[in-house]
Amino acid sequence: MLNQSCFASQENMTPVTAPLEPGYSSHWSNTIRLFVQNMDYPTIAIMARPHDILGVLLGRFAYVRHRSDLHAVYDGRQLPPEATISELRLPDDATLHLTPYPDAWTLASQIAAAATTQRLIPAETMAFFRNFLDFLRTMDGSSRMAELARCLGVPHGAPRDVVVAEVSTMLISRDTVLLVGKFLDCASTVHQRQAPHHAEMMGEYLDVLRRSDVIGLLVRLYLSDSRRYRARGKSAIQSFLLPLHLEAWSAPVFLQFCSLIAFGSTHGKNDPLYRECRGKLASVLSLHESRSVPSPELPREWLIEQLIPFAQETAGEFISYMANRTWAPPVVEFRVFFSVLCRKVPDSSPDGRAGAALSQIAMSLLTSVSGFMASLDSTDIMDSVLPWWSEEDQQDAAVDRIWAVLDALESWSEKYGQFAAAMRATLVAHAAYLNALVLGTSAGRSRQDDIARIVGRHRDLLGAEARMHFSMGMLPEVDSYMPALDPDTDTERRPLEMLIDRSRLLSDSFRYVSEAARGELHADLNIQFVDEEAVGDGVVREWISLVCRALFDPQHGLFSPCPHNRRRFFLNPASGADPLHLKYLDFAGRMIGLALTNKVQVGILFDRTLFSRLAGRRITLDDIADADPTMYASCRKILEMDPGLVDADVLGLTFAREEAGAFGSREVIDLLPGGRDVPVDSTNRGQYIDLLVQDLFANSTEEQLNHFAEGFSSMLVRPELRRAFFHSLDLEDFDLMLGGRMTIDVQEWRKHTRYDDEGFSEQDEQIIWFWKAVASMSAEEQRRLLLFWTSVEYLPFDGFVGLEMGGVMISKASSKTPDHLPTSRICLYQLNLPCYTSFDMTLRRLQMIAQEHVSNSFGRT
């Protein structure tokens, strides 16, 4: 426990008169009264005679006799224990401090002396700085002056006299700032020497600042009318805001700064220095809560009492912001104060003082959020999320503030069910705004745990577009036109180059992808097939599609197709027949991640058992309907049977199942310990079905799932986001993201087709014939034409507008004769169409390239 004196007030130190030794008279001549103050005990008053030896005098107290590290300090100086009272020349009513850190008291005394000294800056020093500033002017105009002004924090364009005044302020404060820095360095040394074995002593060194009234003195200087003293006080206080190594246990120091400045400043809590200290306090608590460094535990009741006013204050600033939409409230501070309180307030006392205060804050915020959402038009994402600003960085900041409030409210709703209902009702009433907020959230914010938690819990209020937008933000962004940077070295990352032999598609691809570092797969890809000239994005899309289909081919044995939908797959429990199956499953997970990252719809769908397990959800009976419809129907019948028949054991079931073993043998697997001897009846049949489903579709493929999930997770910007990625989606969303749209709308296709400025126009006869021919083709022919044109076989969920180019292009072929087949530049989604002379010729040529062996032979890239 951190030393409790750090959290006590001066009023708690009640003087107690020490008993005198036998034979001592209370009417000595020349006696003086001394007050002895120790960190863990009340202040004690003692009577001392001139010839009393200090060490003997203090040794009468038990807590002194048992601690050899305590030293007596008066007025910042350490007193020798062998000296007499007369030699020490102590005045009557002097207060002696007993401390293991006499140097801390010495430094505190020096800080107070330096802060209050009347020393002025010598005239020659000021003359030197004036000449120096003139010299800067002569060198290169005002640029050097401007640079110096920025370093000093002087407003841009300030005259020379202002800069000179700021320099003088720095010189006046220099000694005080240096001493504060020395004090903090010594505190850091003490911490490094004691942590983590003596965590309870970490606060004692800093507590000297409070007991010596240095904190109060610096604040009084800052609030004084003297410019010189005000500058010293401000500079010294700001010095406390710099060191990082003290943050974990220095909360009481910053609390006292906040309290004194807010009370004494004419600006109150709007004082800029108060804001700085409050921000530092939030950083202290954030570091303490993260446990990133060894730190003592802050007393819970004390911490709750101290933080409630700060939570009320920052929440009020958010309420004002949402009502007036003026200045920006402090996101980090609000989050820290509210989240710490949510964790510290006991679950068992929601009606206590702290719980009631937080509930009142939460309800006020919820009312404000509801009014804020209701006041906006959610039909336009930009305007609905941020109607009063338009700059992108300002939009991101505003979106982050709304998320901060929602996260705080969600945390409180998870703690108390009554508030959860109000929170849910508000989000339901403003679901359109919630969708707009998610769509307006940048990829970087989508990767944060707090937003993922809210989206996952209220996924049903979001549309498919919002859910998919949110999950896609967890994937790395690959831009062919911008070089990717390695986050570890901050250097440009080269594209991963692969040379693939089509006859060895899987083995070659497995070698490259499995051996590639995670960062390499997050960068651009450069794929080339052996003996083929084509390169570029189109080839990458083709390669991803071909590899994914090969991996999910039932003949490969990794995945099994669902009986009624051969595009939908689940993990094959018998994949272990291939000794490399686990490595290939890891490879398959990476390839699915590559497909999503590069926005390639490969036409593959997951069944619900695989999807639910990746999301961290427990499989239910309904989840197996696609994977094993026969098993699903049988289990349904068991659940729906008359209870009397089940109890009569007409089924002859126990909590066990049989599985084929080696050489045609049958192996019995218990679903619970001793399950083969536990009969299934009407009371436990639900448990039996649940255990059976888990064993068949989870336990039997647990190792396969772990490797597949590990491969997929490596493709996310943060591997630990895998469950959040799937949990924020519905299976139907993932179907569209990975499988794409099966149907093609010819009118939509035509609407999103551009024409080369020097070639065709939409009114040309050849273009009219072209679209008439496309409309008359079968769905399979249309899909192969699209594949030849773009290397895209399955459209994104939002159709042609979701293509990288926002659509496709038709250009006039350079050939002079109309006998040639069309060619394509798949990287540009461009079809080069010859000038055919009739509709029949156009249709025949398009049907020729819609043949499978032609549609896969792309033109130039």
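A residue counts as buried at under 20% relative accessible area, as exposed at over 50% and as partly exposed in between, with a 1.4 Å probe and protein chains only. The model is predicted, so local features need pLDDT of at least 70 and side-chain atom pairs pLDDT 80 or more, while totals for chains, interfaces and linings use all residues. Residues are numbered from 1 along each chain as its sequence is written, and side-chain values use heavy atoms, without hydrogens and water.

Q: Why is Cys277 called buried?
A: Its relative accessibility is 0%, and the limit is under 20%. Cys277 therefore counts as buried.

Q: What makes Cys562 buried or exposed?
A: Cys562 has a relative accessible area of 1%. That value is below the 20% limit, so Cys562 is buried.

Q: How many residues of the protein count as buried, as a percentage?
A: Of its 861 residues, 50% count as buried.

Q: How many helices and strands does the protein have?
A: There are 38 helices and 19 strands.

Q: Why are helix 35 and helix 36 called oblique, rather than parallel or perpendicular?
A: The axes of helix 35 (residues 765–776) and helix 36 (residues 779–790) cross at roughly 130 degrees and come within 9 Å. Axes are lines fitted to C-alpha atoms, for helices over the stretch in contact, and angles run from 0 to 180 degrees between N-to-C directions. Under 35 degrees is roughly parallel, over 145 roughly antiparallel, 65 to 115 roughly perpendicular, and the rest oblique. The angle falls in the remaining range, and helix 35 and helix 36 are therefore oblique to each other.

Q: Which residues of helix 35 and helix 36 meet?
A: Phe770, Trp771, Val774 and Ala775 of helix 35 meet Gln782, Leu785 and Trp789 of helix 36, where contact means heavy atoms within 4.5 Å. The residues of this contact divide into six nonpolar, one polar and no charged. Nonpolar covers Ala, Val, Leu, Ile, Met, Phe, Trp, Tyr, Cys and Pro, charged covers Asp, Glu, Lys and Arg, and polar the others, Gly among them.

Q: What makes strand 16 and strand 18 edge strands?
A: Four strands form an open sheet with mixed pairing in the order 16-17-19-18. Strand 16 (753–755) and strand 18 (823–825) each pair on one side only. The average twist from one strand to the next is 25 degrees.

Q: How do you know that strand 16 and strand 17 pair?
A: Pairing needs at least two bridges found by DSSP. Three bridges join strand 16 to strand 17 (residues 808–812), and the two run parallel. Thr753 stands opposite Val808, and Arg754 stands opposite Met809.

Q: What joins strand 17 to strand 19?
A: Four bridges join strand 17 to strand 19 (residues 830–833), again in parallel. Met809 stands opposite Gln830 there.

Q: Why is strand 17 called mostly covered?
A: Four of its five residues are buried.
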